[in-house]
Each structure stands twice: as structure tokens, then as C-alpha cells.
Amino acid sequence: MWIRGAVGIVLIVIGGVWIAQGSGKMHGSSMTGHSQYTGLGVVVVLVGLGLLAWAWRVRSRGSR
């Protein structure tokens with residue numbers, strides 16, 4: 001359960017970096033300014049949020 005949460009947090013951070021680079025807010029990479037990375041970052045953030053929600057649901061179900 002905690003592995004899902006940790007992976008979810010890592011994916012959210014990575015997705016956030018990709019969104020920032022793709023939108024041109026973060027410089028210093030070949031990804032800077034390429035909008036496809038913004039879209040990919042959004043997908044990665046959503047997957048990370050899904051993993052966090054899944055871990056939270058399993059945790060709250062187990063504590064009953």
C-alpha cells in the first residue's frame with residue numbers, strides 16, 4: 001500500500017516538472033517549450049493522483 005502512495009507522489013512530481021518544462025516555465029532541458037511534454041505531464045500527474053487515491057482507499061478500508 002505505501003509503495004503505491006510513494007510511486008504516486010514521485011509521478012506527481014515528475015509530471016509537474018514535465019508540465020513546467022513543456023510550458024516553458026522551467027528551462028535547461030531539450031523538453032523546454034515542447035507542448036507534447038505538457039500533455040504527457042498532465043497524464044502522468046493524473047496517474048499519480050489515481051495511485052494516491054487507490055492507496056488512500058485501501059488504507060482507509062483496512063482500518064475499519
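**Entry 1: Trp56.** I began with Trp56, which is exposed, because its relative accessible area is 58% and the cut-off for exposed is over 50%. The model I am reading is a predicted one. I placed Trp56 in helix α2, which covers residues 35-62. Then I looked up Trp2. Trp56 and Trp2 are 54 residues apart along the chain. Their C-alpha atoms are separated by 9.2 Å.

Entry 2: Which residues make a nonpolar patch with Trp2? I found Ile3 and Val7. The patch has an area of about 350 Å². I checked Val7 by itself. Val7 sits in helix α1, residues 2-22. Its relative accessibility is 37%, so I noted Val7 as partly exposed. That value also passes the patch cut-off of over 30%.

**Entry 3: rings and charges.** I looked for aromatic pairs. The count is zero. I did find a charge over a ring. Arg4 lies over the face of Trp54. The distance to the ring centre is 4.0 Å.

**Entry 4: helix α1.** I turned to the helix as a whole. α1 has 21 residues. From first C-alpha to last, α1 reaches 30 Å. Which residues of α1 are buried? I listed Gly5, Gly8, Gly15, Ala20, Gln21 and Gly22.

**Entry 5: Gly15.** I picked one residue from that list. Gly15 is in helix α1. Its relative accessible area is 0%, so Gly15 counts as buried; the cut-off is under 20%. I then looked up Leu46. Gly15 and Leu46 are 31 residues apart along the chain. I read 8.6 Å between their C-alpha atoms.

**Entry 6: leaving α1.** I moved past the end of the helix. Gly24 follows α1. Its phi is positive, near 85°. I went on to Met26, in the loop between α1 and α2. Is Met26 buried, partly exposed or exposed? At 34% relative accessibility, Met26 is partly exposed. I also set Met26 against Ile14. They are 12 residues apart in sequence. In space I read 13 Å, C-alpha to C-alpha.

**Entry 7: Gly33.** My last stop was Gly33. This glycine is also in the loop between α1 and α2. I noted Gly33 as exposed because its relative accessible area is 54%. How far apart are the C-alpha atoms of Gly33 and Val58? I read 38 Å. Along the chain, Gly33 and Val58 are 25 residues apart.

Definitions and conventions:
Residues numbered from 1 in each chain as written. Predicted model: local features only at pLDDT ≥ 70, side-chain atom pairs only at ≥ 80, totals over all residues. Heavy atoms only, no water. Patch = residues over 30% accessible without salt bridge, like charges linked within 9 Å, V, L, I, M, F, W, Y side chains within 5 Å. Areas by Shrake-Rupley, 256 points an atom, 1.4 Å probe, with all protein chains shown as cover. Salt bridge = Lys/Arg side-chain N within 4 Å of Asp/Glu carboxyl O. Helix = DSSP H or I, 4+ residues; strand = E, 2+ residues; numbered from the N terminus. Buried < 20%, exposed > 50% of the residue type's maximum accessible area, 1.4 Å probe, protein only. Phe/Tyr/Trp six-rings, centres within 6.5 Å; stacked < 30°, edge-to-face > 60°. Lys NZ or Arg CZ within 6 Å of the ring centre and 35° of its normal. Expected span 1.5 Å × (residues − 1).
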